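Please examine the sequence and the three-dimensional structure shown below.

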Amino acid sequence: MNGDEFQIPVFKLLKQDGTPYKNAKLPPLDKDKALRIYRAMLFTRVLDERMLAAQRQGRLSFYMQSTGEEATVIGSTAALDDGDMIMAQYREQGALAYRGFAVDEFMNQLFGNDRDYGRGRQMPVHYGSKKLNYLTISSPLATQIPQATGYAYGQKLAGEGHCTITVFGEGAASEGDFHAALNMASVHRVPVIFLCRNNGYAISTPAVEQFSADGIAPRAFGYRMKVIRVDGNDILAVYQATQEARKLAVGHNQPVLIEAMTYRLAAHSSSDDPSGYRSRKEEEAWRDKDPVLRMKLWLE
């Protein structure tokens, strides 16, 4: 079998109508936790809508939405222990919402007031929370990936049963930091989960112009690393995949790569106009795969 014929399959559990696929084994999820996940998804969707409107009104200088990617971010966070470290890129506000970051804390950071934990020295959406184990966002792309490997090495030495998850887009996976981080994690066997949100675009550059291989997942083989590709709009599939990845990371000091196949329904940022590089028809096709609606239908 040559490289053109080989494709890593996508792990799925839920259909868009909220029903499980035939023979799917759903992860155990009690009602309280399921509702906590769903509330975080709804909160993030509303936060994004209101804050983009605030930016358009001139009340906020900049904003980035996670619309369409909520299941990837919140599903993976829900599968972690609250003591695990999250090193995000800039579209993971849902992780903070799930862990209990308050509305006032979001506003303090976005508006850079004197109650902001960063004292107004960061751009909007560059959140950070020591109490919630969420490292402050960096503007330069992919810096958090090797940092996650280093932090996880410290967790391994501490031996307290925690891991680090680092989240990044498929565009960031083109940076050299990505390869350095995976190689170092594999060599030193540290408890880190690399979660790639493959949303189809690195700002305006489509995935087909970023790499010729089958996405990001096959790169794990070069580092002898465990890997899974998951439907990033399927909240239960992301949740279960991350649970299993955490078991490997914490229990066996094995780094894991997860590639979540999703779509960025919003613009890259409030400074971007996606109509210049993708069609409305393409966007509407992905709106039919809305992860929030899928979660709602499963709950019902």
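Helix 1 (residues 31-56) packs against helix 2 (residues 70-78) at an angle of about 145 degrees, and their axes lie 10 Å apart. Helices here are DSSP runs of H or I with at least four residues, strands are runs of E with at least two, and both are numbered from the N terminus. The axes are lines fitted to C-alpha atoms, for helices over the stretch in contact, and the angles run from 0 to 180 degrees between N-to-C directions. The model is a predicted one, in which local features need pLDDT of at least 70 and side-chain atom pairs count only at pLDDT 80 or more, while totals for chains, interfaces and linings use all residues. Residues are numbered from 1 along each chain as its sequence is written, and side-chain values use heavy atoms, with hydrogens and water left out.

Helix 1 passes helix 2 in a right-handed crossing. A crossing is called right-handed if the near helix is turned clockwise from the far one by less than a right angle, and left-handed if anticlockwise. On the side of helix 1, Lys33, Ile37, Ala40, Met41, Thr44 and Arg45 take part in the contact, and they meet Glu70, Ala71, Ile74 and Ala78 of helix 2. Contact means heavy atoms within 4.5 Å. Sorted by class, this contact of helix 1 with helix 2 comprises six nonpolar, one polar and three charged residues. In this scheme Ala, Val, Leu, Ile, Met, Phe, Trp, Tyr, Cys and Pro are nonpolar, Asp, Glu, Lys and Arg are charged, and the others, Gly among them, are polar.

Helix 1 also packs with helix 4, at an angle of about 35 degrees and with the axes 13 Å apart. The crossing of helix 1 and helix 4 is right-handed. Here Phe43, Leu47 and Met51 of helix 1 meet Val103, Phe106, Met107 and Leu110 of helix 4. The contact of helix 1 with helix 4 consists of seven nonpolar residues, with no polar and no charged ones.

The loop between helix 4 (103-111) and helix 5 (144-158) contains Ser129. Is Ser129 buried or exposed? Ser129 is buried, because its relative accessible area is 4%; buried means under 20%, exposed means over 50%, and partly exposed lies in between, with a 1.4 Å probe and protein chains only. The side chain of Ser129 reaches the backbone nitrogen of Leu132 at 3.3 Å. When residues up to four places away in sequence are not counted, Ser129 touches Leu96, Phe101 and Tyr134.

Val125 is placed in the loop between helix 4 and helix 5. Although Val125 is not a glycine, it has a positive phi of about 70 degrees. Val125 counts as buried, because its relative accessibility is 0%. Gly120 is also found in the loop between helix 4 and helix 5, and at 35% relative accessibility Gly120 counts as partly exposed. Gly120 touches Gly112 and Asn113, not counting residues up to four places away in sequence.

Phe221 is partly exposed, because its relative accessible area is 46%. Leaving aside neighbours within four places in sequence, Phe221 is in contact with Phe6, Ile8 and Val227. Phe221 and Asp272 are 51 residues apart in sequence, and their C-alpha atoms are 35 Å apart in space. Ser271, in the loop between strand 7 and helix 8 (280-287), is exposed, with a relative accessible area of 64%. Ser271 and Ser61 are 210 residues apart in sequence, with a C-alpha to C-alpha distance of 9.7 Å.

What does the chain look like as a whole? Its secondary structure comes to nine helices and seven strands. The radius of gyration of the chain is 18 Å, which agrees with a compact globule, because a globule of 300 residues would have a value near 19 Å. This radius is taken over C-alpha atoms, and the globule rule is 2.2 Å times the number of residues to the power 0.38. The C-alpha trace spans about 55 × 45 × 40 Å along its principal axes. Of the 300 residues, 53% count as buried. Among contacts in the chain with a separation of 6 or more, 74% are between residues 24 or more positions apart.

Key
A polar contact is a pair of N or O atoms within 3.5 Å; within protein, one must be able to donate a hydrogen and the other to accept it, and residues adjacent in sequence count only if both atoms are side-chain atoms.
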